[in-house]
Amino acid sequence: MESGWLTSGPNVRKFESRFAKTVGVEHAVAVNSCTAALHVALAACGVGPGDDVIVPTMTFAATAEVVVHLGAAPILVDVDPDTLSIDPNLAAEAITDRTRAIIPVHYGGHPADLSQILDIATSAEMFVIEDAAHAFPASYQGSPIGGIGDVTCFSFYATKTITTGEGGMITTSDAGLASTMRSLSLHGLSDDAWSRHSPGAAWDYAIVRAGYKYNLTDMAAALGLSQLDRAIEFRDQRAAIADQYDDQFAGVPEIRPLVVRDRAGHAWHLYVIRLATDGLTIDRNQFIQVLNAEGIGTSVHYRPLHLHPYYSERIDQSKRYPHATRAFAEIISLPIFPGMTETMVDRVASTVVDIAVNHRR
Ligand SMILES: *Cc1c(COP(=O)(O)O)cnc(C)c1O
């Protein structure tokens, strides 16, 4: 605050370049949310009316709403039941000559099946825009998430793996896309405002497209820089919590953690279990109520998009989403955060196991 830079300034620049270096990519553009990131990414890729964009149904509203805002149609696709990320084979079946892009979501921080998705996208000539809101820091087959698809979008929302309160980052190795996205994120200016606002810069500017007001503040970027320093430490703490949960759930057939694929560098934003509800006398909602009564707060990520009124009224009713529908009835996201002690994890895990054992069919 003492620097005098409240809106985008030198900290934003520093945050962008350090983030780009961290994920090993040429360009990073800071924005004020991941939703904004997805919006400008799609716009920069030329998505507009008449286009289709493939989106997994098991995601947060943001992934699909930005497609709608550009006048294009989100085409919902079912997920892999093991990881709850988009099923590449079903994505391939959803391609038409209107398909412009696919938005794989790295559900929970576990990378989606990118090699198959990239293959499909190359043959269909469509863009791969990764929703990596959960996936920092994460890697796929040894490469950091952020430098793999055409564009990758990260979130620094309050609950995400690193946070600036509200914030987001877009990464790409394509200089043209980077410059268009930077321009779109600040009113469609021809050059970025930071150079215009630097001492001695010219007062003049040119608007070259209809843009948005999506820039990150310097205060948020200052938070981002300090969070970035601790990202690995935070991730390692979450990974240790996940290990402890895995150990405590081993041998309890009613509790099934999601599958972690070989060579998936998991960010562990979420730790999600599936309940084998056939073997229990209570359903998922009742299970959550019992946990609540024990003082353990949990969540469900997500009610799939096809089960929300807005999307269910608009999708092709002949399409079915059996994996996501089934998963929705079984999933619970357990607490996982840096600072969660072994004792806390043990209390959550043993309570979950006790509830399962006490409600065996
Ligand atoms: C949080 C989230 C977003 C949106 O991030 P914001 O920074 O809050 O805009 C998008 N997609 C997924 C999967 C998310 O979890």
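Hi everyone. What you see is a predicted model, where local features need pLDDT of at least 70 and side-chain atom pairs count only at pLDDT 80 or more, while totals for chains, interfaces and linings use all residues. Residues are numbered from 1 along each chain as its sequence is written, and side-chain values use heavy atoms, with hydrogens and water left out.

Let's start with the ligand. Which residues come nearest to it? Of the 16 residues around the ligand, those are T35, D131, H134, S155 and K160; a residue belongs to this group if one of its heavy atoms lies within 4 Å. Now for the polar contacts, meaning pairs of N or O atoms within 3.5 Å; within protein, one atom must be able to donate a hydrogen and the other to accept it, and residues adjacent in sequence count only if both atoms are side-chain atoms. The side chain of D131 has an N or O atom 2.7 Å from a nitrogen atom of the ligand. An oxygen atom of the ligand is 2.8 Å from a backbone N or O atom of C34, and a polar side-chain atom of Y302 lies 3.0 Å from a ligand oxygen. On its own the ligand has 380 Å² of accessible area (Shrake-Rupley method, 1.4 Å probe), and the protein covers 93% of that.

Next, H134. Is H134 buried or exposed? H134 counts as buried because its relative accessibility is 3%; buried means under 20%, exposed over 50%, and partly exposed in between, with a 1.4 Å probe and protein chains only. The H134 side chain makes a polar contact with the side chain of Y302 at 2.9 Å, and also reaches the backbone nitrogen of G108 at 2.8 Å.

Finally, salt bridges, where a side-chain nitrogen of Lys or Arg is within 4 Å of a carboxyl oxygen of Asp or Glu. How many are there in the whole structure? The search finds 14. In one of them, E16 pairs with R182, with the closest N and O atoms 3.3 Å apart. E16 sits in helix α1 (residues 10-23) and R182 in helix α6 (residues 175-184), so this pair ties together parts 166 residues apart in sequence; helices here are DSSP runs of H or I with at least four residues, and strands are runs of E with at least two, numbered from the N terminus. E16 is buried at 4% relative accessible area, whereas R182 is partly exposed at 23%.

R360 and E254 also meet in a salt bridge, at 2.7 Å from N to O.
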